[in-house]
Amino acid sequence: MGTEKGTTYLLSSFFFSIILTIVCQRTVKAQSLPPAKYDGFLYTNHRVDSDTIMIEAFFDPVCPDSRDAWPPLKQAIHHYGSRVSLIVHLLPLPYHDYAFSTSRAMHIVNLLNPSATFRLLESFFEYQGRFYNAQTSNKSRDAVVDEIIKLAAETVGNSYYSAIESGFNDRKTDLKTRISFKYSASRGVFGTPTFYINGFAVPDSGSAIDYKQWRSFIDPLLLAQSRKRDNLPHLSL
């Protein structure tokens, strides 16, 4: 990262963190009740208990670093199986023009067919260039949203096209996307990708973590759990 680019990124992050702080403070005052469901999309559909390692990932569907972070994280989740659980939260960054619309499409599809949610995330990552800033500068918002709807329908099934299109006119999907943004603010997250393991922030926020790094974080935790179980007293019958 060059000096000028690095300075711009730091300034953007600084001002965005201020905005998030204000949003978070206003959210606490204005939102008297929490949402009915915990924010995020659960990737692993297995039993979660007190020994399960919980990973939370904050992604933006049109963030290149989020795109690069997904394959090694997915590989790690598959490696550990039921010992690790993953929740993905969406943080639509304001300096990515269609981050909110693509995030909203994720919520719409999750309501229609939860099993297709991560397929759509991977489609956005694969075709990210179609929705990323300069590529949309000469297109109207309606034209870009229509492209988002078409990609979502191609991913989950063309029979869902009308339902996805209607979802963009549904106030509930707008609110769900806003709640995801506010949840990120409440956690102090201002960049993507950001990761938490068992509630604690992983270092090097904003950068992809490779597979070996995930192993270096998780292996010691599982080893500590194993040693703790070995030291428990055995009850005789």
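His89 counts as buried, since its relative accessibility is 0% (buried means under 20% relative accessible area, exposed over 50% and partly exposed in between, with a 1.4 Å probe and protein chains only). This histidine is found in strand β3; helices (H or I, at least four residues) and strands (E, at least two) are DSSP runs, numbered from the N terminus. Leaving aside residues up to four places away in sequence, His89 touches Tyr38, Asp39, Gly40, Glu56, Ala57, Phe58, Phe59 and Tyr183, a contact being heavy atoms within 4.5 Å. The structure is a predicted model, in which local features need pLDDT of at least 70 and side-chain atom pairs count only at pLDDT 80 or more, while totals for chains, interfaces and linings use all residues. Residues are numbered from 1 along each chain as its sequence is written, and side-chain values use heavy atoms, with hydrogens and water left out.

Seven of the seven residues of β3 (residues 84-90) are buried, so the strand is largely enclosed by the rest of the structure. Burial applies to both faces: Val84, Leu86, Val88 and Leu90 lie on one side, and Ser85, Ile87 and His89 on the other. Strand β2 (residues 53-59) runs parallel to β3 and is joined to it by seven bridges; two strands pair if DSSP finds at least two bridges between them. Within this pairing, Met54 has Ser85 as its bridge partner in β3. Strand β1 (residues 41-42) pairs with β3 in the antiparallel sense over two bridges, and Phe41 has Val88 as its partner in β3. Together, β2, helix α2 (residues 64-80) and β3 make a right-handed β-α-β unit, where right-handed means that, with the strands pointing away from the viewer, the path from the first strand over the helix to the second runs clockwise.

These strands belong to an open sheet of five, in the order β1-β3-β2-β4-β5 and with mixed pairing. At its edges stand β1 and β5 (200-201), each with a single partner strand, so one side of each is left without a neighbour in the sheet. The antiparallel pair β4 and β5 is joined by two bridges, and the partner of Ile197 in β5 is Phe200. Overall, the protein has eight helices and five strands, running from the N terminus as α-β-β-α-β-α-α-α-α-α-β-β-α.

After α5 comes Gly157, with a positive phi near 125°.

Helix α4 contains Leu121, which counts as buried at 0% relative accessibility. Beyond residues up to four places away in sequence, Leu121 touches Phe59 and Met106. Leu121 and Asp60 are 61 residues apart in sequence and 9.4 Å apart in space, C-alpha to C-alpha.

The interior can also be described through its nonpolar cores, each a set of buried Ala, Val, Leu, Ile, Met, Phe, Trp, Tyr and Cys residues joined through side-chain atoms within 4.5 Å. The largest has 47 residues, and those with the most contacts inside it are Ile55, Phe59, Leu73, Ile164, Phe195 and Trp214. At least two residues each come from β2, α2, β3, α3, α4, α5, β4 (194-197) and α8 (211-230). The largest share, eight residues, is supplied by α5. A second, separate core of seven residues includes Leu91, Phe181, Tyr183 and Val189. Across the protein, buried residues make up 42% of the 237 residues. Among contacts between residues at least 6 apart in sequence, 76% join residues at least 24 apart.

Lastly, confidence. The average pLDDT is 86, and 83% of the residues score at least 70; pLDDT is the predictor's confidence in each residue, from 0 to 100. Over residues 1-11 the pLDDT is below 50, and this stretch has two contacts in the model beyond near neighbours in sequence. Residues 14-25 also have pLDDT below 50, with 14 such contacts. Where pLDDT is low, the predicted coordinates should not be read in detail.
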